[in-house]
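This report looks at charge pairing, surface charge and sheet order in a single model. Please view the sequence and the structure together.

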Amino acid sequence: MKKLLLPISYLLVILAAVLGTLVFTQYTQPQSAEGYKLLELENLLVEKFVDGADSAELQDAAAHAMVEALGDRWSYYIPKEQYEAYVEDKNNSYVGIGITIEQAEQGYRVIKVSKDGPAQQAGILPEDVIIAVDGQSVAELSMDEGKALVRGPEGTDVEITVLRAGEELSFTMTRRTVKTVVATATMLEDQIGLVTIENFNTNCHKETMAAVDQLLQQGAVALIFDVRFNGGGYKREMVNILDDLLPEGPLFRSEYYTGVPSVDRSDAQCLPLPMAVLINDQSISAAEFFAAALWEYEWAVLVGTQTQGKGHFQETYLLSDGSAVGVSTGRYTTPKGVDLEGVGLTPDVIAEVDEETYFKIYAQTLDPMEDPQVLAAINALKTVKTP
């Protein structure tokens, strides 16, 4: 089964992204003996290595290694040249052409095309394999090198050459700001509304509740929330949605490295409708705790496959050279105090899909009424009572 799938706008960082509010802080620390040791080693390598060494590359490698040495799969290092893209992604708005890619033998396979983005309007399709950018072959390039070629100033043109069923096709498009549609509404059979949530970053609460309101106005009598392939995001966005859905009580518990706990709570206003939440192995962080809260309140049934199990939240610190580091600075638990780290959520209704279907769900090219997990959720809702 494919495990994930990289957006041109730095999806891997998103999948390891924070659930808590990001803290963009300039971090400085007095030079320690260990710091002198690293500087001494860097100078030695730059001066003595027979083939030459680049100081900036050594520092990036050292930073990656230091974060990796924590043994924490959620902490991460962001090189200077990738930081701007990281911030754009967290804001659900970036300059690009609107595609998601993965490394392929001849270049990069397109696995998702943003609706109404430059790539879709130009005619690029999922499964196209990008082999050249502005005439330059990408066969030997890394993901970061490829992204650097595709990205560029807003208003500039880029030519993308793809392989499609053995035929080379070229498309020219203008880079522009692409806004991620965070939540969409679809009315299914039996007046069941489907709300698909892409992430819990900027505008998630606003767009999700607008989708819910749209479905209610259309006569929805039950709701399915789809958080498959949702890599998480901001705590405040998740909590605000849960506050609108759930009755009075705790919604989310967290504890900083200082040992200070906090509890986010809901007021009495709620939405008493039968609900289901679709989850899978790429439902991470806020997506898991959103599903867990609805389940613990007996407000929703969970359908799909086991989730990742992320129980740490990160704060992002900006370093002096423009790079940044996301550090796990605390833990969080469900409303009832359950730690999901390394455990995740087990659905009430387990609904496996094959690899081809998995890919189509991610690429959003599968009609919901042909999606086995959506159909399983519809069937499960028939036995769910109104909260």
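## A salt bridge across the chain

Lys-112 and Glu-198 join their side chains in a salt bridge, at 3.1 Å from N to O. The two partners come from distant parts of the chain, 86 residues apart. Lys-112 sits in strand S6 (residues 107-113). Glu-198 sits in the loop between strand S13 (192-197) and helix H7 (204-217). The model is predicted.

Is Lys-112 buried or exposed? Lys-112 is buried, because its relative accessible area is 14% and the cut-off for buried is under 20%.

## Other salt bridges

How many salt bridges does the count give? The count comes to eleven. Side chains of opposite charge can pair when their charged atoms come close.

Among the eleven is the pair of Arg-228 and Asp-371, at 2.9 Å from N to O. Arg-228 lies in the loop between S14 and H8, and Asp-371 in the loop between helix H10 (355-363) and helix H11 (372-381), so this pair ties together parts that are 143 residues apart in sequence. Both Arg-228 and Asp-371 are buried.

Asp-264 and Lys-235 also meet through their side chains, in a salt bridge of 3.2 Å, N to O. Asp-264 belongs to strand S16 (residues 261-266) and Lys-235 to helix H8, so the pair ties together parts 29 residues apart in sequence. Elsewhere, salt bridges link Glu-102, Arg-109 and Glu-127 in a network.

## A negative surface patch

Which residues gather in a patch of negative charge on the surface? They are Asp-213, Asp-244, Glu-248 and Asp-267. Glu-248 is found in the loop between helix H8 (235-245) and strand S15 (249-256). Glu-248 counts as exposed because its relative accessible area is 58%, and the cut-off for exposed is over 50%.

## The open sheet

An open sheet is formed by six strands. Their order is S12-S13-S14-S17-S18-S21, and the pairing is mixed. Strand S12 (183-187) and strand S21 (349-350) stand at the edges. Each has a single partner strand, so one side of each is left without a neighbour in the sheet.

Inside this order, strand S14 (residues 222-226) and strand S17 (residues 275-279) run parallel. Four bridges join S14 to S17. What is the bridge partner of Phe-225 in S17? The partner is Val-277. Strands of a sheet pair through backbone hydrogen bonds, either parallel or antiparallel.

Terms used:
Residues numbered from 1 in each chain as written. Predicted model: local features only at pLDDT ≥ 70, side-chain atom pairs only at ≥ 80, totals over all residues. Heavy atoms only, no water. Pairing = 2+ DSSP bridges. Helix = DSSP H or I, 4+ residues; strand = E, 2+ residues; numbered from the N terminus. Patch = residues over 30% accessible without salt bridge, like charges linked within 9 Å, V, L, I, M, F, W, Y side chains within 5 Å. Areas by Shrake-Rupley, 256 points an atom, 1.4 Å probe, with all protein chains shown as cover. Salt bridge = Lys/Arg side-chain N within 4 Å of Asp/Glu carboxyl O. Lys, Arg positive; Asp, Glu negative; His and termini not counted. Charge placed at Lys NZ, Arg CZ, Asp CG, Glu CD. Buried < 20%, exposed > 50% of the residue type's maximum accessible area, 1.4 Å probe, protein only.
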